[in-house]
Amino acid sequence: MTKRQIIDVAHVSSKGSSYRITLPKKIIQRLNLSPDDIIAFLDDDGIKIDKLS
């Protein structure tokens with residue numbers, strides 16, 4: 001079993017038929033995200049998150 005470290009946690013909320021995930025600033029900074037950026041959820045031996053160019 002690989003030992004993994006938790007960087008931070010995110011909260012999930014619902015609004016109508018959609019769900020929202022609120023990302024902590026630490027995660028935003030590590031992913032180098034800005035408002036209006038788009039992220040992708042990739043299936044790569046688990047779920048990976050990446051910023052789309």
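In which sense do strand 3 and strand 4 pair, and over how many bridges? In this predicted model, in which local features need pLDDT of at least 70, side-chain atom pairs count only at pLDDT 80 or more, and totals for chains, interfaces and linings use all residues, strand 3 and strand 4 pair in the antiparallel sense over five bridges. Residues are numbered from 1 along each chain as its sequence is written, and side-chain values use heavy atoms, with hydrogens and water left out. Helices (H or I, at least four residues) and strands (E, at least two) are DSSP runs numbered from the N terminus, and two strands are taken to pair if DSSP finds at least two bridges between them.

In general, most residues other than glycine have a negative phi. Asp45 is exposed, with a relative accessible area of 79%, where buried means under 20% relative accessible area, exposed over 50%, and partly exposed in between (1.4 Å probe, protein chains only). A positive phi in a residue other than glycine is also found at Asp36, where the value is near 75°. Asp36 belongs to the loop between helix 1 and strand 3, and with a relative accessible area of 79% this residue is exposed.

The structure holds one salt bridge, defined as a side-chain nitrogen of Lys or Arg within 4 Å of a carboxyl oxygen of Asp or Glu. The side chains that meet in this salt bridge are those of Lys51 and Asp37, at 3.4 Å from N to O. The pair links distant parts of the chain, 14 residues apart, with Lys51 in strand 4 (residues 47-51) and Asp37 in the loop between helix 1 (25-30) and strand 3 (39-43). Lys51 is partly exposed, with a relative accessible area of 30%, and Asp37 likewise counts as partly exposed, at 31% relative accessibility.

Strand 1 (residues 11-15) and strand 2 (residues 18-22) pair in the antiparallel sense over five bridges. Their hairpin has two residues between the strands, and in it Gly16 takes a positive phi near 65°. Strand 1 is hardly covered, since the count of buried residues among its five residues is zero. Ser13, which lies in strand 1, is partly exposed with a relative accessible area of 35% and stands opposite Arg20 in strand 2. When residues up to four places away in sequence are not counted, Ser13 touches Ser18, Tyr19 and Arg20, contact meaning heavy atoms within 4.5 Å. In strand 2, where Ile21 is placed, this isoleucine is partly exposed, with a relative accessible area of 48%. Leaving aside neighbours within four places in sequence, Ile21 is in contact with Ala10, His11 and Val12.

The largest pocket has a volume of about 640 Å³. Pockets were assigned on a 1 Å grid over the protein atoms alone, on which a cavity is a set of points where a 1.4 Å probe fits but cannot get out, a pocket is an open set with protein on both sides within 12 Å along at least five of seven lines, and lining residues have an atom within 4 Å of a point. Grid points are joined across faces, edges and corners, and the volume is the space filled by probe spheres set on the points. Of the 17 residues that line the largest pocket, Ile7, Asp8, Ile27, Ile47 and Ile49 are the closest to its centre. Helix 1, strand 3 and strand 4 each supply at least two residues of this lining, and strand 4 gives the most, with three residues. By residue class, the lining divides into 13 nonpolar, one polar and three charged residues, with Ala, Val, Leu, Ile, Met, Phe, Trp, Tyr, Cys and Pro counted as nonpolar, Asp, Glu, Lys and Arg as charged, and the others, Gly among them, as polar.

Separations between C-alpha atoms relate further parts of the chain. Arg30, placed in helix 1, is exposed with a relative accessible area of 61%, and its C-alpha atom is separated by 11 Å from that of Asp50, 20 residues apart along the chain. Ser13 and Pro35, 22 residues apart in sequence, are 19 Å apart in space.
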